[in-house]
Amino acid sequence: MGGSQSREGLELSDSDEYEDEEEGSEEYEEAKSSSSGSKSQFRTPESVRSRETLDTLDEVDAKLRSLKLKYSSKSPSPNIRNAVKLYLHVGGNTPKAKWITSDKLTSYSFVRGDPDDPDDDGEEESDDEGTSRKSDVCWVFKVGSKVRTPVTSAMQLKMFPEQRRVDFVALGVWAIKFFSDEDYRAFITKYQNCLFENLYGLEATEENRVKIYGKDFMGWAKPEAADDSIWEDAEDSFGRSPSSLTPLRASQDLREEFEEAANGGIQSLALGALDNSFLVSDSGIQVMKNFSHGIHGKGAFVKYNGGSAHVNSSSSEDATPKKALLMKAETNMLLMSPMTGGKPHARGLHQLDIETGRIVTEWKFEKDGADITMRDIANDNKGSQLDPSGSTFLGLDDNRLCQWDMRDRKGIVQTIASGDTPVLNWNQGHQFSRGTNFQCFATTGDGSIVVGSLDGKIRLYSKTSMRMAKTAFPGLGSRITHVDVTYDGKWILGTTDTYLILICTLFIDKDGKSKTGFSGRMGNRIAAPRLLKLTPLDSHLAGANNKFHGGQFSWVTENGKQERHLVATVGKFSIIWNFQQVKNSNHGCYVNQEGLKSCYCYKIVPKDESIVDSRFMHDKFAVSDSPEAPLVVATPMKVSSFSISSRR
């Protein structure tokens, strides 16, 4: 199982263009093919001789091409503005997949228009300062009469500078090829400026870039000027796994070890590092047994006790826990259900004793005598679910970051038998007065906290203070829906709808010591991030709901061990990246790229339905002939386990 197996990334040579155009005309203009076909069946002697002459000329032309004479093969640029050749990809990832020529000569333009109104052609691109804009008007990209799409990251635009070509998604997979290097570079500049303006609502000037990113993060706006030495240092000194843990093999493949049907309605995975893992569904919790080759059902199933086991459970959908957190050496589980009305926030949670299969406590979130809500919960650190005495966990809301304590202040453990719903103790934290719009968070091995926000910002908090972020990385215009961090805190992975962003937190302080952004201000030697993307074709094939979610590292809980892979889910695909390959500054994906470096080398695990979650098991389940612990993939009806095998 691997990445794209189509001709998406292949060079479109002149001979390919001619062949594809002829084949494409049959698929793209079927009405014309029938009439022309009937005429070609009856040929006069003159037409036969003419055809023979053409065949002879074709043979001569082929021989001349085979000589590879040193004549210029560059076609002269047509005398029209923004001239391009337009191609359409057909056949998906089947053996018949190919590029067909949609327009041998057409032109592109960037116009201002309503992206939701296909009849609004907008205004042609202009440098006039007086152009008025409505709030719902943005830059729209057009190619002839066949392509019209707003300029956003959802285009999944991929550049091929050596071919003077870009591929993108717009209700299909397209490619345009330019007639000169100058035309190609002019397009890239205009595209990036329009994307910036659509993302931030500001003109793409130097002043506005400083306003958005800040002076310390200008490497994010101009990656070519960024200091990449931090990545190189990190790769050499910090990020590289010992060879005994990560054997570098020329080829690695995935083998499915086990698949079984679940009880249905799976909402999330709760993987354990000890004996068991759990599938959280809309009817209960299915207990799974952990093995070195994946997880297997034990036959045990904990049913929810009707509506009484849930906060605000006016319906089964609202009652279904959307978050499950293992605690107390994985003998207890915290279940958090959202509020009604489609809101992701919750007023409380339930504590499940896994050994007895009973809800033992219903907790309520409260601060200073007032009920409050939480959007997300997390363990205090990467390994705290293994602590048998653990009684605290972290909470996150739109403008709150805190730690909750389940112990009674008077030293008496609260239970559900007390009648009234017990109140969690606000142990420490901060309620921010201004809109931070927190969305998700995660913890390192030492308890430092990384938080992702609606505006795309990623903030780093030390384990000793939740009031002031040590470092705040600017957003790239897309909201962060999920965030993860390595055990050592040196790498952060943020998930957006259309890409993953990998950030290195390392910096050199004034004393020449290496630190992370959790322990101090990083100054201006901040490396540009790297993006993990799908090719336009794979993005299109992933399905209608082709948004990334749940991007995370493989799971380690010991100092000195390095995460080795990254995984994320998009539609019907689980996508796996090799962590060491992504960090490598000399990786082939990064050659001749413009803008932030993007990695397109990955493996795909395809399923027949949209995937709920994909996660690697704990590092302890990695066996000697595999460089990684098994990957668990859950769909609403099934759960599968895969191992990464190494083929010599």
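How many salt bridges does the count come to in this structure? The exercises below work towards this and related questions. The model is a predicted one, in which local features need pLDDT of at least 70 and side-chain atom pairs count only at pLDDT 80 or more, while totals for chains, interfaces and linings use all residues. Residues are numbered from 1 along each chain as its sequence is written, and side-chain values use heavy atoms, with hydrogens and water left out.

**Exercise 1. Give the count of salt bridges, and describe the one between K382 and D484.**

Solution. Begin with the rule: a salt bridge is a side-chain nitrogen of Lys or Arg within 4 Å of a carboxyl oxygen of Asp or Glu. By this rule the count comes to 20 salt bridges. Next, take the side chains of K382 and D484, which meet with N and O 2.8 Å apart. K382 lies in the loop between β20 (376-378) and β21 (392-397), whereas D484 is in strand β28 (residues 482-485), so the pair ties together parts that are 102 residues apart in sequence. Strands here are DSSP runs (E, at least two residues), as helices are (H or I, at least four), and both are numbered from the N terminus. Finally, look at accessibility, where buried means under 20% relative accessible area, exposed over 50%, and partly exposed in between (1.4 Å probe, protein chains only). K382 has a relative accessible area of 17% and is therefore buried, and D484, at 8%, counts as buried too.

**Exercise 2. Decide whether each partner in the salt bridge of D405 and R407 is buried or partly exposed.**

Solution. The side chains of D405 and R407 meet at 2.9 Å, N to O. D405 has a relative accessible area of 8%, so this residue is buried. R407, with 48%, is partly exposed. Elsewhere, salt bridges that share partners join K561, R564, D619 and E628 into one network.

**Exercise 3. Find the number of aromatic pairs, and classify the pair of F141 and F168.**

Solution. A pair of aromatic rings is described by the distance of the centres and the angle of the planes. Rings of Phe, Tyr and Trp (its six-membered ring) pair if their centres lie within 6.5 Å, and planes under 30 degrees apart count as stacked, over 60 as edge-to-face and the rest as tilted. A search of the whole structure gives 25 aromatic pairs. For F141 and F168 the centres are 5.5 Å apart and the planes stand at 80 degrees, so this pair is edge-to-face. F141 belongs to strand β4 (residues 138-143) and F168 to strand β7 (residues 165-169), so the pair ties together parts that are 27 residues apart in sequence. Both F141 and F168 are buried. They also belong to one aromatic cluster, whose members include Y108, F110 and Y191.
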